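Have a look at the structure first, then follow the links one by one.

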Amino acid sequence: MKSIKILLRVFFIALWVLFSSSNLYASHAMAVDITYECVGPNTYVFCVNFYRDCQGIDPPPSVNLNFSSQSCNQNFTMNIDSSMTGLEVSQLCPDTLPYSTCNSSGLPGVELTVYCDTIILPDTCSDWVISFSISTRNANVVNLVDPDSEALYVEVTLDNTNNICNNSVDYSSSPVVYTCDSADLCFNHGAYDIDGDSLYFSLVPPKGTGGTPIAWTPGYSLTNPIITYSGFNFDPITGQMCWTPMGQQICVISMMVEEWREINGVWTLIATSIREM
């Protein structure tokens, strides 16, 4: 019995070291995505879902969304106030949630802040790009070169030509994931589309300011964003990702979801969404 207690104590300490190191952020940004809902002709409710480390500074009271279209020569920015703040999404057991950093205690804590607003697009364009960027990334991220000098950038696209009133994908899983060294893990963002569009998933390079891809640290790559024992397995049909981490690492993974719809007998790409975890 004594040896079991010692083993459990060692396991807890190892787990805490992994958790605490994952929260040494130069800023408070941990993960982010953008979603939108079509509520009328050229009218959409856009939301930025921002996940922050509770050990960092408070979330901003508002964020900027950039809208651009090359075909329509459009480029403007909208400021959006927060519509929900302080929702704790820490990956802790229910009885330990009161002891997270979100509650002024020591266990790792994560909060979700949502920024939403209804925006009328000024034109009908096939190539709208809606992007969000915030700096600075966590300096302790190991799979990117100079991460603390880079912004965290995500985007969605949409086509509102031909009376298309599309809704973006949404997600049922929080994009903040912790695991232990050598522990098998599978994760799925739980992407779904209320329009019934066919979804296709792909890994994309994490992006910095202006949507520029960030260089990988040697040993890491697009298909292997984490050093593992048996490879990083990604399913483009379901978005399922599985891995067994080798050693302590703080890594980011960026995924794109494509929405395909059959229009007049032709399968057409009508939207994309990038989410970073």
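The structure holds 4 disulfides. Keep in mind that this is a predicted model. As a reminder, a disulfide is a covalent bond between the sulfur atoms of two cysteines.

**Cys47 and Cys116**

- Cys47 is joined to Cys116 by a disulfide, with an S to S distance of 1.9 Å.
- Where does this link sit in the fold? Cys47 is part of strand 2 (residues 43-53) and Cys116 is part of strand 5 (residues 110-120), so the bond ties together parts that are 69 residues apart in sequence.
- Cys47 counts as buried because its relative accessibility is 12%, and the cut-off for buried is under 20%.
- Cys116, on the other hand, comes out at 25% relative accessibility, so it counts as partly exposed.

**Cys72 and Cys125**

- Another disulfide runs from Cys72 to Cys125, and here the S to S distance is 2.1 Å.
- Both ends are in loops: Cys72 is in the one between strand 3 (62-69) and strand 4 (74-88), while Cys125 is in the one between strand 5 and strand 6 (128-134).
- That makes it a link between distant parts of the chain, 53 residues apart.
- Is this disulfide right-handed or left-handed? The torsion about the S-S bond of Cys72 and Cys125 is about -125°, so it's left-handed.
- As for solvent, Cys72 and Cys125 are both buried.

**Cys186 and Cys242**

- Cys186 pairs up with Cys242 in a disulfide, and their sulfur atoms are 2.0 Å apart.
- Cys186 belongs to strand 9 (residues 185-187) and Cys242 to strand 13 (residues 241-243), so this pair ties together parts that are 56 residues apart in sequence.
- The link of Cys186 and Cys242 is right-handed, with 110° about the S-S bond.
- Cys186 has a relative accessible area of 44%, so it's partly exposed.

**One more cysteine**

- Is Cys251 buried or partly exposed? Cys251 has a relative accessible area of 23%, so it falls in the partly exposed group.

Definitions and conventions:
Residues are numbered from 1 along each chain as its sequence is written. This is a predicted model: local features need pLDDT of at least 70, side-chain atom pairs count only at pLDDT 80 or more; totals for chains, interfaces and linings use all residues. Side-chain values use heavy atoms; hydrogens and water are left out. A disulfide is a pair of cysteine sulfur atoms within 2.5 Å. Helices (H or I, at least four residues) and strands (E, at least two) are DSSP runs, numbered from the N terminus. Buried means under 20% relative accessible area, exposed over 50%, partly exposed in between (1.4 Å probe, protein chains only).
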